Amino acid sequence: MRAFSYERASTTEAAAKAAATKEGAKFIAGGTNLLDLMKLEIETPTHLIDVNELGLDQIEPTPEGGLRIGALVRNTDLAADERIRRDYQLLSRALLAGASGQLRNRATTAGNLLQRTRCPYFYDTNQPCNKRQPGSGCAALAGFSRQLAVVGVSDACIANHPSDMAVAMRALDAVVETVQPDGTPRSVPIADLHRLPGDTPHIEHVLERGELITAVVLPKPVGGKQIYRKVRDRASYAFALVSVGAVIQPDGTGRVAVGGIAPKPWRDEAADGELPNGAKAVTAKLLTDARPTEQNAFKLTLVERTLSAVLAEARG
Amino acid sequence: MQSPGALEISRRDLLVASAATVTVASASSLGHAQTNPPAASQSTTVGFTVNGERRELRLDNRTTLLDALREHLHLTGTKKGCDHGQCGACTVLIDGRRVNACLTLAVMHEGDTITTIEGVGQPGNLHPMQAAFVNHDGFQCGYCTPGQICSSIAMLEEIAANIPSHVTSDLTAPAEITAAEIRERMSGNICRCGAYSNIVEAITEVAGRKA
Ligand SMILES: Cc1cc2nc3c(=O)[nH]c(=O)nc-3n(C[C@H](O)[C@H](O)[C@H](O)COP(=O)(O)OP(=O)(O)OC[C@H]3O[C@@H](n4cnc5c(N)ncnc54)[C@H](O)[C@@H]3O)c2cc1C
Ligand code: SF4
Ligand code: FES
Ligand code: FES
């Protein structure tokens, strides 16, 4: 691990300003992704700003009838919150399908959204990786790509986003609230938070240097049957090969977001419109532009079958 | 710091001492400036309570809570398996909640209350979970055991606090203690010896006594 200086921030504005003005600064929340990557010197911040004492750990009702989730609410507490369990079951389910009890106790809402890919070559510093070292190439293209993305990819990078929580947030139309280094707040719909790789896979989201996530807002509850189904290589404590998060209404309409297959939680409102026509129709729309490798082409079938199982469960 | 004082030096102490030397050597190869003290701006003073005792340390900011416990406070009961959040051997309790001590920095724990396996119970005064692990042979080599025990104690508290799990069928009903729940909730603790079925039996016994 490279050496760094450390400060505990006490206000959101001070945290954002410090991060923007100090070269090489990063926020640290739970630390469960950042420290992992710092140990491998994939992340090399020279200054860490600890945001754990900012008081952003509350879940509050909004005037619109939704909930504002503080950026520092731990994954365990979010999944266990009575209002989330009652009105946003999809979010509880997605959180509980991720990581382990110990990790969820530390992992935060903001950190979970910004966690980085689990592409094995991103983690292996002896391999070329455009995300880790822009311009060095992509070892995954001709390598072990079974776990990686099939849609939204580019010639530069086929990494997938590993978060379960983000898939639920996408299906629930969550909005990310931030404060910019000059102190101005802004709102970013979750659909716009993560960027596709294009030829700059090292730029993963639209936040500016020093921009601090303060909360994630859920719109008012949408009801319906809310199901999160995660397919993985072992029954627990493993990242998704494919996951499907869906909200299905009694009339068969609804929304669906898919995890494990793209650089961001994958949803297409046009595909949602096909829900009454079944899993095949939805999957065809969702994966129109898919560009799988030989090793991960199975994910195309797996998305359809997982969605099919979700729809069967929703019908009861 | 704990000092061995006038106690006789056992073979185990010697082993611990030589293991510590090895750790220092490998740490410096990873870029730790162990021979020179870190620059002032790269170290921080932090105070927390460990097993009921107030501790204050000045640490290189890079020191994980796990390394602070093992290398600085010589509480070597907490184990390092993967050092990347993947095995659970380093599980300790912070303010009663289980966490992976390898993925958190010691300097982030100002004012916190930390319990390690040494604080859970001692020979002659075992915690019921420790005794149950012994009675049920909930281990073979024992390397994962401190983490398993800390994790299982906090896990039962999580069920008592009605925190749901991936296998909880009804999110609006109270959490139950079943073998399936215990297995899912303990999935963050890997046992290379595969002592899982006895671990579940030990936890089930303690859970039953509590219920
Ligand atoms: C073994 C293992 C298994 C896992 N399995 C799963 C899984 O199955 N599913 C899953 O979804 N996840 C899984 N995870 C990942 C885990 O969910 C993430 O590590 C965690 O959610 C990150 O949150 P954090 O608070 O610890 O983030 P940190 O590590 O503190 O931060 C992550 C990033 O977010 C930035 N950041 C943090 N807070 C803010 C803020 N407020 N504003 C702006 N930027 C911020 C940091 O600068 C950093 O770049 C696993 C992790 C491990 C180690
Ligand atoms: S897929 Fe992306 S993250 Fe993986 S090696 Fe290629 S460039 Fe790196
Ligand atoms: S040593 Fe911390 S999880 Fe393996
Ligand atoms: S008892 Fe050996 S690793 Fe669990």
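Visitor: How many salt bridges does a search of the whole structure find over all chains?
Guide: This is a predicted model. Side chains of opposite charge can pair when their charged atoms come close. Counted over all chains, the salt bridges number 30.

Visitor: Which residue forms a salt bridge with A:Lys22?
Guide: The closest N and O atoms of the pair are 3.1 Å apart. The cut-off is 4 Å, so the pair counts. A:Lys22 sits in the loop between α1 (12–21) and β2 (25–28) of chain A. Its partner lies 15 residues apart from it, in strand β1 (residues 5–8) of chain A. The partner is A:Glu7.

Visitor: Is α12(A) parallel or oblique to α13(A)?
Guide: Helix α12 (residues 279–286) and helix α13 (residues 298–315), both of chain A, pack with axes 9 Å apart. Their angle is about 140°. Roughly antiparallel would need an angle over 145 degrees. That angle therefore makes α12(A), relative to α13(A), oblique.

Visitor: How many nonpolar residues has the contact of α12(A) with α13(A)?
Guide: From α12(A) come A:Ala279, A:Lys280, A:Val282 and A:Thr283. They meet A:Leu300, A:Val303, A:Glu304, A:Leu307, A:Ser308 and A:Leu311 in α13(A). By class, two residues of this contact are polar and two are charged. The nonpolar residues number six.

Visitor: Where in chain B does pLDDT stay under 50?
Guide: Chain B has a mean pLDDT of 87. Of its residues, 81% reach 70 or more. The stretch under 50 has 23 contacts beyond four places in sequence in the model. That stretch is residues 1–35 of chain B.

Visitor: What ipTM does the predictor give the complex?
Guide: The predictor gives two scores here. The pTM is 0.93. The ipTM is 0.97.

Notes. Residues are numbered from 1 along each chain as its sequence is written. Chains are lettered from A and ligands numbered from 1 in the order in which they are written. This is a predicted model: local features need pLDDT of at least 70, side-chain atom pairs count only at pLDDT 80 or more; totals for chains, interfaces and linings use all residues. Side-chain values use heavy atoms; hydrogens and water are left out. Axes are lines fitted to C-alpha atoms, for helices over the stretch in contact, and angles run from 0 to 180 degrees between N-to-C directions. Helices (H or I, at least four residues) and strands (E, at least two) are DSSP runs, numbered from the N terminus. Angles under 35 degrees count as roughly parallel, over 145 as roughly antiparallel, 65 to 115 as roughly perpendicular and the rest as oblique. Contact means heavy atoms within 4.5 Å. Ala, Val, Leu, Ile, Met, Phe, Trp, Tyr, Cys and Pro count as nonpolar, Asp, Glu, Lys and Arg as charged, and the others, Gly among them, as polar. pLDDT is the predictor's confidence in each residue, from 0 to 100. A salt bridge is a side-chain nitrogen of Lys or Arg within 4 Å of a carboxyl oxygen of Asp or Glu.
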